[in-house]
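I opened this structure to look up a few local features and to write down what I found for each.

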Amino acid sequence: MGYKAKFKVWRGDAEGGDLQDFTVEVNEGEVVLDVIHRLQATQAPDMAVRWNCKAGKCGSCSAEINGRPRLMCMTRMSVFSEDETVTVTPMRTFPVIRDLVTDVSYNYEKAREVPAFAPPEGVAPGEYRMEQVDVERSQEFRKCIECFLCQNTCHVVRDHEDNKTNFSGPRFLMRIAELDMHPLDAHENRAQEAKTDHGLGFCNITKCCTEVCPEHIKITDNALIPMKERVADHYYDPILRLFKRTNK
Amino acid sequence: MTAGTTAPGRAQISARTLRTDRWWVQPAVTVAVLVAFIIYATIRAFQNADYYSAPYISPFYSPCLATNCVPGSSEVAVFGGWWALSPALIILIFPLGFRLTCYYYRKAYYRGFWSSPPACAVAEPHGKYTGERRFPLVLNNIHRYFFYIGLIFNVILTYDAVIAFRDSTGAWGHMGLGTLVLLANATLLWLYSASCHSCRHVMGGRLTHFSKHPVRYKAWTLVSKLNTRHMFFAWASLIGVALADLYVALVAGGTITDLRFF
Ligand code: SF4
Ligand code: SF4
Ligand code: FES
Ligand code: FES
């Protein structure tokens, strides 16, 4: 059954803005993005919102709904009661462009700083052979849809703008983990670089990235903590270093 | 004060968080339980009494390593008569260090005690943040050493549970509720250690080619399964240790008598 829902949507740009009130129709089975589209169609034709797939796969519609970082297209209206006011704001870690649209270039800059997969010497493309058990672990990380909700929620940069220079964020530390665990990657010292160049030490494993990931990737348990352990192998474990273990 | 969600360029919203759920419940419960445990453990560690009632020894006092341990509780008195304090203080530093550097407890106390962050998407009250890069928090990186020491403690506490199958005169073939309590405690501690992230790393996590190490891969798979429950084992074993100590304290103090099965 349809009903009239109360919405508060942040509208404005880098110069300023505020939460504006709307009363809008909601029908059974709808998600927050449907309601935002209805607002565009009926009351606020110039409301800016980024979206593409409406299926939780493109990672475009990231926002904060009642203060929680989520995909608008994957947040069902049925999780709210009919008398609840639903507040929608843009992600609060990245510069706002307009309304619900933010400038996520921080993430693309950090992505570029991660050295690409290094092909093993003497193996031509097409000759790569891997065992399933060896690639399985990093395949989990490839489910990432680059919605940047984890980057947005991580308090290291969310609450401290100045850390953006030195911290790549969970998504790209996970990318380093993916490559470091890759059976054919020939790039040496990924773990060391995670510490020195990408700020792994900033992470205090409080797991908010994991909590908000719409793909349910266990970022902290399966990427960040294993990388911290690999860093410990190199920097904080003098006994292990005596044995000069290879980790192949 | 460095700017966070109010930094220039970001959407201007002054609220610290717009979350409408009770996000503060979780950190509050964490703090309440941990504080209760710390108070209880401190009192018991300094009490220096009621920790042994043959054949049961409290996990807070095992191994009892000083000559001032009550008769029967100590098998190796490494610390001579000069040690006048409670013998619990000699050893508790190790389980304390193990839990303080544990990846799960780190999350719990950073959120609960230090509000860094108190909950996801709730702004932390601190102006500056350096994470685990500096002293003292950088010390959390030695967690694996505490993990190894924790294994030694597990062996000792398992031994305590096994010898609780002897009666107070030392004859085998006894079992009381206390035996069960010590067994349960040892089991929970093993599960806590086995599910540890450092354990997972040592078992196989540090490898890149599982296919070359089938046995370690198996071990890693098993530990990974336990690891998903690490938080549960962390709490269960913490409460287990306190209850085991309480049980021994009540029996040793004469408040209750041990229920004897055979
Ligand atoms: S676990 Fe680390 S990377 Fe993830 S949100 Fe927390 S501090 Fe950031
Ligand atoms: S890891 Fe998860 S939360 Fe982070 S960008 Fe990828 S899909 Fe989004
Ligand atoms: S629109 Fe593609 S993830 Fe929501
Ligand atoms: S991670 Fe918790 S005990 Fe090691």
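**Helix H5 of chain B**

I began with the buried side of H5(B), where the list of buried residues reads B:His143, B:Arg144, B:Phe146, B:Phe147, B:Gly150, B:Phe153, B:Asn154, B:Leu157, B:Asp160, B:Ala161 and B:Ile163. I noted beside this that the model is a predicted one. As a reminder for reading such a list, I wrote that an α-helix has 3.6 residues a turn, so residues three or four places apart point the same way. I then checked the length: the 21 residues of H5(B), at 1.5 Å a residue, should span 30 Å, and the end C-alpha atoms are 30 Å apart, so the two values agree.

**The loop between H4 and H5 of chain B**

Next I went to the loop that runs between helix H4 (103-112) and helix H5 (143-163) of chain B, in which B:Arg134 is found. I recorded that B:Arg134 belongs to a surface patch of positive charge, gathered together with A:Lys195, B:Lys128 and B:Arg133.

B:Ser115 has its place in the loop between H4 and H5 of chain B, and I noted for B:Ser115 a phi near 50 degrees, positive in a residue other than glycine. B:Pro117 also lies in the loop between H4 and H5, and a cis peptide bond joins B:Ser116 to B:Pro117, with omega at about -5 degrees.

**Other backbone entries**

I looked up a further cis peptide bond, which joins B:Ser62 and B:Pro63 with an omega of about -5 degrees; B:Pro63 lies in the loop between strand E2 (56-57) and helix H2 (88-91) of chain B. A:Glu146 is found in the loop between helix H3 (132-139) and helix H4 (149-153) of chain A, and at 32% relative accessibility A:Glu146 counts as partly exposed. I set down for context that most residues other than glycine have a negative phi, and that most peptide bonds are trans.

**A nonpolar patch**

Which residues make the nonpolar surface patch of about 590 Å²? I listed B:Val35, B:Ile38, B:Ile39, B:Ile43, B:Phe113 and B:Trp114. One of these, B:Ile38, lies in helix H1 (residues 25-47) of chain B, and B:Ile38 counts as partly exposed at 46% relative accessibility.

Conventions: Residues are numbered from 1 along each chain as its sequence is written. Chains are lettered from A and ligands numbered from 1 in the order in which they are written. This is a predicted model: local features need pLDDT of at least 70, side-chain atom pairs count only at pLDDT 80 or more; totals for chains, interfaces and linings use all residues. Side-chain values use heavy atoms; hydrogens and water are left out. Patches are made of residues with over 30% relative accessible area and no salt bridge: like charges are joined within 9 Å, nonpolar side chains (Val, Leu, Ile, Met, Phe, Trp, Tyr) within 5 Å. Accessible areas come from the Shrake-Rupley method with a 1.4 Å probe; for residues, only the protein chains shown count as cover. A salt bridge is a side-chain nitrogen of Lys or Arg within 4 Å of a carboxyl oxygen of Asp or Glu. Lys and Arg count as positive and Asp and Glu as negative; His and the chain ends are not counted. The place of a charge is taken as NZ of Lys, CZ of Arg, CG of Asp or CD of Glu. Helices (H or I, at least four residues) and strands (E, at least two) are DSSP runs, numbered from the N terminus. The expected span of a helix is 1.5 Å times one less than its number of residues. Buried means under 20% relative accessible area, exposed over 50%, partly exposed in between (1.4 Å probe, protein chains only).
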